[in-house]
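Visitor: I have a structure to look at and some questions about it. Could you take me through them one at a time?

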Amino acid sequence: MSAKSVVESPYHPRPHAMDFHARKERFSVMVMHRRAGKTVMCINDLIDKALQNNLLMPRYGYVAPFYKQAKDIAWNYLKYYAAPVIDKIMESELTVILKNGALIRLYGADNPDSLRGVYFDGVVLDEYGNMAPRLFGEVIAPTLADRKGWCVFIGTSNGPNHLHVLWQDAANDVRWFKKMLKASESGIIDKEELEMLANLPGSDEDTFAQEFECDFNAAVRGAYYGKLIKKLEAEGLTGHFPHDPDRLVLTAWDIGYSDDTSIWFFQTDGKTFRIVDFFTVSGYSVDDVIAELERRPYA
């Protein structure tokens with residue numbers, strides 16, 4: 001908590017949170033294992049940044065995938081950790097006003113209209129992978145523009161979703177704060193407990209890897225070829241494979257109209273198969289699809 005706090009905070013951050021609280025980047029993306037304390041960390045970061053804000057009427061938001069979820073997992077944390085610096089609590093609006101006039105409110109991504117028409121100096125999007133991908137661009141980003149507010153995207157891995165895309169896009173961007181915290185590295189859950197969790201009835205290697213090891217590539221439950229794709233990736237058999245103009249390109253089709261027509265393009269030397277392209281579309285006639293294929297530079 002900032003030195004500007006009126007009274008000492010009950011929050012004592014874990015070592016892994018210190019670099020997050022000290023960050024200078026405007027945007028952050030963090031992938032953390034279950035029970036790593038990410039909600040407590042983010043709520044206290046909101047409180048700290050709100051206390052340091054010298055602008056007129058500072059305003060901050062915490063967004064969970066569902067409004068009820070925000071209330072269940074974050075509301076008591078907000079009231080508890082902000083207690084020494086709270087001036088007013090508005091229970092019906094899940095809002096606290098701090099002694100410096102800063103406002104912190106909880107929201108649900110299931111009601112994006114509640115986020116429109118306001119401004120924010122900072123927002124936390126908790127479990128961003130479970131929100132609509134367009135929420136940030138259409139709703140949140142405009143609320144940050146005039147005050148140059150910051151945003152934290154945080155969550156657990158859950159397959160190759162938009163949190164994964166964001167993580168990859170930010171990987172080499174110095175303007176972003178990035179952090180991944182795996183259970184095997186954090187020390188928050190002891191080794192014996194992790195072994196027990198990994199071997200519980202109903203658990204499996206992929207579920208454990210997803211929930212505790214931040215593995216976006218863990219096979220998604222119900223995916224037909226998830227384990228095979230993971231094996232291909234582990235063996236280095238996925239990547240960018242340009243087409244060889246000296247060989248014919250063969251195609252494999254799954255034809256549809258109301259659902260997708262999907263086409264795989266591949267080449268072979270008689271021993272190995274190299275997939276060089278893929279195309280999928282719905283609502284196209286056969287003639288439309290053939291026209292699309294004819295635009296490609298393949299024999």
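Visitor: Is aspartate 190 buried, partly exposed or exposed, and at what relative accessibility?
Guide: This is a predicted model. Aspartate 190 sits in the loop between α6 (183-186) and α7 (191-198). Buried means under 20% relative accessible area and exposed means over 50%. Aspartate 190 counts as partly exposed because its relative accessibility is 45%.

Visitor: Which residues form the negative surface patch?
Guide: Aspartate 190, in the loop between α6 and α7, is one of them. The patch as a whole is formed by Asp190, Glu192, Glu193 and Glu195.

Visitor: How many helices and strands does the protein chain have?
Guide: The chain has 299 residues, and buried residues make up 44% of them. Its C-alpha trace spans about 75 × 50 × 35 Å along the principal axes. The count for the chain is 10 helices and 11 strands.

Visitor: Why is strand β10 described as largely enclosed by the rest of the structure?
Guide: Strand β10 covers residues 261-268. A residue counts as buried under 20% relative accessible area. The strand is largely enclosed because, of its eight residues, the number buried is six.

Visitor: Which residue in β10 stands opposite tryptophan 253?
Guide: Strand β9 (residues 250-254) pairs with β10 in the antiparallel sense, over five bridges. A hairpin of six residues joins β9 to β10. Across this pairing, the residue opposite tryptophan 253 is isoleucine 263.

Visitor: Which residue takes a positive phi in the hairpin of β10 and β11?
Guide: β10 also pairs with strand β11 (residues 273-281), antiparallel and over eight bridges. Four residues lie between the strands in this hairpin. The one with a positive phi, near 95°, is glycine 270.

Visitor: Which residue in β11 stands opposite phenylalanine 265?
Guide: The antiparallel pairing of β10 and β11 runs over eight bridges. Within it, phenylalanine 265 faces aspartate 277.

Visitor: Which residue forms a salt bridge with aspartate 277?
Guide: Side chains of opposite charge can pair when their charged atoms come close. Here the closest N and O atoms are 2.8 Å apart, and the partner is arginine 296. The pair links distant parts of the chain, with aspartate 277 in strand β11 and, 19 residues apart from it in the segment after α10, arginine 296.

Visitor: Are aspartate 277 and arginine 296 buried or exposed?
Guide: The cut-off for buried is under 20% relative accessible area. Aspartate 277 has a relative accessibility of 19%. Arginine 296 has a relative accessible area of 19%. Each of them therefore counts as buried.

Visitor: Which residues are linked in a network of salt bridges?
Guide: Aspartate 277 and arginine 296 form a salt bridge, and they belong to the network. Its members are Asp277, Glu292, Arg295 and Arg296.

Visitor: What is the N to O distance in the salt bridge of aspartate 45 and lysine 49?
Guide: Both residues lie in helix α2 (residues 38-52), four residues apart, which is about one turn of the helix. Aspartate 45 is buried, at 1% relative accessibility, and lysine 49 is buried too, at 15%. Their side chains meet with an N to O distance of 2.6 Å.

Visitor: About how much accessible area does the nonpolar surface patch have together?
Guide: The patch is formed by Trp253, Ile255, Val286 and Ile290. Valine 286 lies in helix α10 (residues 286-294). Together the four residues have an accessible area of about 380 Å².

Technical notes: Residues are numbered from 1 along each chain as its sequence is written. This is a predicted model: local features need pLDDT of at least 70, side-chain atom pairs count only at pLDDT 80 or more; totals for chains, interfaces and linings use all residues. Side-chain values use heavy atoms; hydrogens and water are left out. Patches are made of residues with over 30% relative accessible area and no salt bridge: like charges are joined within 9 Å, nonpolar side chains (Val, Leu, Ile, Met, Phe, Trp, Tyr) within 5 Å. Accessible areas come from the Shrake-Rupley method with a 1.4 Å probe; for residues, only the protein chains shown count as cover. Lys and Arg count as positive and Asp and Glu as negative; His and the chain ends are not counted. The place of a charge is taken as NZ of Lys, CZ of Arg, CG of Asp or CD of Glu. Helices (H or I, at least four residues) and strands (E, at least two) are DSSP runs, numbered from the N terminus. Buried means under 20% relative accessible area, exposed over 50%, partly exposed in between (1.4 Å probe, protein chains only). Two strands pair if DSSP finds at least two bridges between them.
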